[in-house]
Amino acid sequence: MDGQLAGDTVTVQGDPMALRLNQKSHYGNLEGDHLKLSLVEAAYLQWKGKLSIWDDKKIISFNELISILNKRGLYQKFIVYRDLRDRGYIVKTGFKYGSEFRVYERGKTPTKDHSSYLVRVLHESTNLKILDFSSYVRVAHGVRKKLILAVVDDEEDVTYYMVEWIRP
């Protein structure tokens with residue numbers, strides 16, 4: 001499957017495999033016969049050997065794509081996305097909830113179910129302000145989702161912390 005890089009998205013046109021990836025595994029967004037993938041989704045599919053990414057007439061290697069992700073501050077998000085997908089979760093953008101991702105329980109789908117978790121991605125050296133942390137928890141609680149902090153260390157290992165609202 002071939003995709004064309006344009007800004008922050010990779011577009012796959014008219015490929016039946018793209019339609020299957022969207023319908024079965026819920027990658028990207030369909031717009032007619034075009035599948036629009038985020039850079040993080042595209043990087044994962046390229047890493048899995050399912051997607052070749054082109055910039056005009058030049059193919060982009062995985063290392064070049066990782067360099068692009070680094071420049072745009074998306075590399076840690078890719079690490080977490082890859083880990084969650086490899087664990088069998090469906091992962092979609094959490095932008096409208098102020099988080100990097102929303103995650104669906106195994107067996108649940110975006111077309112039929114609501115996501116269970118909001119995931120915030122942090123590097124282990126990140127200083128998290130208590131007011132920011134409080135707002136993350138408040139938003140997650142307000143939309144009836146559990147907040148997960150995904151902390152990426154320098155060795156690219158991910159540690160997950162689930163944060164729940166408790167009434168005293």
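How many helices and strands does the chain have? The chain has 5 helices and 11 strands, where helices (H or I, at least four residues) and strands (E, at least two) are DSSP runs numbered from the N terminus. The radius of gyration, taken over C-alpha atoms, is 17 Å, close to the 15 Å that the globule rule gives for 168 residues, so the chain is as compact as a globular protein of that length. The globule rule is 2.2 Å times the number of residues to the power 0.38.

This is a predicted model, in which local features need pLDDT of at least 70 and side-chain atom pairs count only at pLDDT 80 or more, while totals for chains, interfaces and linings use all residues. Residues are numbered from 1 along each chain as its sequence is written, and side-chain values use heavy atoms, with hydrogens and water left out.

| Property of the chain | Value |
|---|---|
| Box filled by the C-alpha atoms, along the principal axes | roughly 60 × 35 × 25 Å |
| Residues that count as buried (under 20% relative accessible area, 1.4 Å probe, protein chains only) | 42% of 168 residues |

The unreviewed UniProt entry places the feature "domain: tRNA intron endonuclease catalytic" at residues 76-160; such annotations may be inferred rather than shown by experiment. Over residues 76-160 the chain is 28% helix and 29% strand.

Glu100 lies in the loop between β7 (90-93) and β8 (101-104). Its relative accessibility is 16%, so Glu100 counts as buried. The side chain of Glu100 reaches the backbone nitrogen of Val121 at 2.8 Å. Leaving aside residues up to four places away in sequence, Glu100 touches (heavy atoms within 4.5 Å) several residues, including Lys77, Lys92 and Arg120.

Notes. Buried means under 20% relative accessible area, exposed over 50%, partly exposed in between (1.4 Å probe, protein chains only). A polar contact is a pair of N or O atoms within 3.5 Å; within protein, one must be able to donate a hydrogen and the other to accept it, and residues adjacent in sequence count only if both atoms are side-chain atoms.
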